[in-house]
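Subject: Structure handover

Hello,

I am passing a structure on to you, placed just below. My notes come after it.

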Amino acid sequence: LYYFWFDVPVFLYGLCAIFYLLSRFFFAALYRPYKITPGYHPSVTIVIPCFNEEEWIEKTIHGCLNQLYPEELLEVIVVDDGSTDNSAAVARTLRDKLYDEAGDRLIVHVFEHNQGKRHALAAGARMAKGELVLFVDSDSFLQPDAVLHVVQPFHDPRIGGAAGRCEVENKWTNILTRMQAVRYFVGFRIFKAAESIFDAVTCLSGPLASYRRDVLMRYLDTWEHQTYLGQPATFGDDRSLTNYVLGSHYAVYQHTAVTHTIVPSTYDKFFSQQMRWKRSWLRESLRACLFMWKKEPFMAISFYLGFLLPLLAPAVVLRAFVFMPLAYGIWPITYIAGVFFMSMLMCTSYLFIKRSNLWFYGVPFCFFYLSILLWQIVWAVLTFWKSSWGTRPSHFDSKTQRAGQPSGKNAAN
């Protein structure tokens, strides 16, 4: 209270940020995953959109087929989005090889030309026969019991979508992937779990997202052809579709349904991914602002805080780190201590739940975000209408270049 009056804007922001973050950890502690209901096995179709994923597509298909789930109730549809490598050939070869074992449970559909991930997902959904449709990225690998666990929330007819937990497959590659491993875990186990308490998960992430087929088909055409300021929406597929689902149903998180995914291991791909994430977060959060007030009051307050705080953060950081030291000689020691405290919350939660020596990487990630990633928000606001992937002039990018894209990783937002 003493220091509060020396710099009201910064400390007011800090108090709001602390309230928001601590509330996330509090509600995450109350979260419990849905238990398995004996005999509950709805029919499931897994749709895998693929573009230039020759390296990983076979492993992804095997993970989807090798499930502890009744075979007659599970089908897998691979939609190749006009790949220029051997992805389609690998998928077809695997289909032929497994035909005696998988029969017609494995379908491979190939686009002649690249149309974009959203169109590939929509095509797979239209071919699906299952009561539930699961979207799985082509560089994501399901645990053997992932399908069994992710379908359990749908025992409640009010639930329209459910997200599984996404772990980082290549976490030991370098410092960047280790930081992402901590961030992903906290993004799912803390933030999505807290949202799931109120049945309002704001992003059913692409590595493992499940939907009631009848709910999905209700919004499929509108979602597939969504535009923003007259331009086709070419990223943010998962967050956009989640908004449609939340308009009429619940969206939840199932911690025990696990998939592992490949994340960017180089900084250029990582920064491009983060810019797409921030633009899609901005666009879809603005849409969600129109209806989120109808949700449970505490969830609504938390959502609007989570939307405003990142937008205000660059101005607050500039004031604390530049204006106050130059104008009054006040150094942002308290602000830095607060960031360190919050980073340790991330680290300790990762340590006690995961029991992994990667826990420490939560600290450098928080300061990495503060010094570099935070400023992408400014550029995202100034260029929110752009629909390019940021890695080549065309609207669509190769999957290897877009590892960790918002439609596929969502993590952690």
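This is a predicted model: local features need pLDDT of at least 70, side-chain atom pairs count only at pLDDT 80 or more; totals for chains, interfaces and linings use all residues.

Residues are numbered from 1 along each chain as its sequence is written, and side-chain values use heavy atoms, with hydrogens and water left out.

Confidence. pLDDT is the predictor's confidence in each residue, from 0 to 100. The protein chain has an average pLDDT of 90, and 94% of the residues score at least 70. Over residues 391-413 pLDDT stays under 50. For that stretch the model has 103 contacts (heavy atoms within 4.5 Å) beyond four places in sequence.

Helix 5. Helices (H or I, at least four residues) and strands (E, at least two) are DSSP runs, numbered from the N terminus. Buried means under 20% relative accessible area, exposed over 50%, and partly exposed in between, with a 1.4 Å probe and protein chains only. Helix 5 (residues 117-127) is largely enclosed by the rest of the structure, because eight of its eleven residues are buried. Those buried in helix 5 are K117, R118, A120, L121, A122, A123, G124 and A125. Their cover includes strand 1 (44-50), strand 2 (74-80), strand 4 (132-135), helix 8 (213-224) and helix 9 (237-246).

L98. This residue sits in the loop between helix 3 (87-97) and helix 4 (99-102). L98 is buried, at a relative accessible area of 11%. Leaving aside residues up to four places away in sequence, L98 touches H62, L65 and G103. P207 is 109 residues from L98 along the chain, and their C-alpha atoms are separated by 24 Å.

Cysteines. A disulfide is a pair of cysteine sulfur atoms within 2.5 Å, and the structure holds zero of them. For C16, the nearest cysteine sulfur is that of C289, 16 Å away. C16 counts as partly exposed, at 27% relative accessibility. For C289, which is in no disulfide, the nearest cysteine sulfur belongs to C203, 15 Å away.

Cavity. The lining of the second largest cavity consists of Q226, Y228, A233, F235, G236, S280, R283 and E284. (A cavity is a set of points on a 1 Å grid over the protein atoms alone where a 1.4 Å probe fits but cannot get out; lining residues have an atom within 4 Å of a point.) Helix 10 (residues 267-288) gives the largest share of this lining, three residues.

Regards

Notes:
On a 1 Å grid over the protein atoms alone, a cavity is a set of points where a 1.4 Å probe fits but cannot get out, and a pocket is an open set with protein on both sides within 12 Å along at least five of seven lines; lining residues have an atom within 4 Å of a point.
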